[in-house]
Amino acid sequence: MKNVIFIAPPSAGKGTQSKELINLGYDHISTGDMLREEISKKSDLGLKIEDIMKSGSLVSDDIVFELINKRLKNNSKPFILDGFPRTLNQAKLLDNLFNELNIDNYEVVYLDIAMEEALKRALGRLTCECGASYNIYYEPLKPKCDGVCDVCGKALVRRGDDNEESFRNRFSTFLENNEPIKEFYNSKNRLHVIDATIGNEIVTDKIKNILDI
Ligand code: AMP
């Protein structure tokens with residue numbers, strides 16, 4: 001089982017694919033989740049980054065790298081990096097850290113999706129605190145009853161940064177930063193591009209092949 005770095009624009013399905021790998025024993029390292037946790041704890045860091053995250057802009061490289069650094073140094077399982085690196089500078093910092101920790105067993109999976117398709121996925125997405133997630137624009141993913149979780153009956157919520165303006169900002173920021181990151185990993189022969197719209201199960205199979213699972 002190789003380690004994996006997921007590089008993908010928002011709503012390309014990183015979360016869904018990560019769940020599949022977690023079930024197979026992977027540790028899920030998501031900078032977005034770690035940052036949201038700081039916000040919900042109302043820590044000093046959380047207060048500092050709340051507005052930046054709401055606007056869909058990137059948190060500084062120093063802050064996110066510190067979180068990743070700590071986490072990888074305490075990690076013993078195969079891992080998924082979800083949402084990191086997001087800039088070329090972050091990719092280089094990560095490369096140094098991998099060298100320091102002798103991590104060479106990894107591949108980079110890029111999930112490719114067009115902005116309008118991703119926007120539909122994001123704006124329709126509703127989640128429940130129990131972990132269930134839904135999409136009002138895709139028939140099989142709609143909740144049975146509007147706004148209510150099928151699993152536990154609680155009210156469904158939209159993620160704070162899932163509005164159109166913020167989404168377009170996040171997507172454009174991703175595209176701006178992405179090209180050099182792809183080139184960086186391509187030059188290391190680690191990059192694998194997968195069309196994210198071919199169906200979740202097919203995407204999962206392709207990922208498993210790449211990671212020797
Ligand atoms: P995500 O859950 O991965 O979509 O991330 C949500 C938000 O967290 C992003 O829009 C950024 O504001 C912030 N964020 C997450 N990962 C990073 C990162 N690697 N670098 C900078 N900001 C990040």
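Guide: Asn 189 counts as exposed because its relative accessibility is 67%, exposed meaning over 50% relative accessible area, buried under 20%, and partly exposed in between (1.4 Å probe, protein chains only). The model is predicted, so local features need pLDDT of at least 70 and side-chain atom pairs pLDDT 80 or more, while totals for chains, interfaces and linings use all residues. Residues are numbered from 1 along each chain as its sequence is written, and side-chain values use heavy atoms, without hydrogens or water.

Asn 189 sits in the loop between α7 and β7 (191-195); helices (H or I, at least four residues) and strands (E, at least two) are DSSP runs numbered from the N terminus. Its phi is positive, about 60 degrees, although Asn 189 is not a glycine. Most residues other than glycine have a negative phi, and most peptide bonds are trans.

Ser 11 is also not a glycine and has a positive phi, of about 70 degrees. Its place is the loop between β1 and α1 (14-23). Ser 11 counts as buried because its relative accessibility is 14%. Another backbone feature is the peptide bond from Phe 84 to Pro 85, which is cis, with omega near 0 degrees. Pro 85 belongs to the loop between β3 and α5.

Back to α7, at one side of the loop that holds Asn 189. Helix α7 (164-186) is part of what covers the buried residues of α6, as are β5 (125-127) and β6 (133-135). In α6 (residues 115-123), those buried residues are Ala 118, Leu 119, Arg 121, Ala 122 and Leu 123.

Next comes the largest nonpolar core, which has 31 residues. A nonpolar core is a set of buried Ala, Val, Leu, Ile, Met, Phe, Trp, Tyr and Cys residues joined through side-chain atoms within 4.5 Å. Tyr 185 is one of the members that touch the most others, along with Ile 5, Ile 68, Leu 81, Leu 94 and Phe 98. Helix α7 supplies at least two residues of this core, as do others including β1 (3-7), β3 (79-82) and α5 (88-100). The largest share, six residues, comes from α4. Apart from this core lies another, of 22 residues, with Phe 6, Val 109, Phe 171 and Ala 196 among them.

Methods. Contact means heavy atoms within 4.5 Å.
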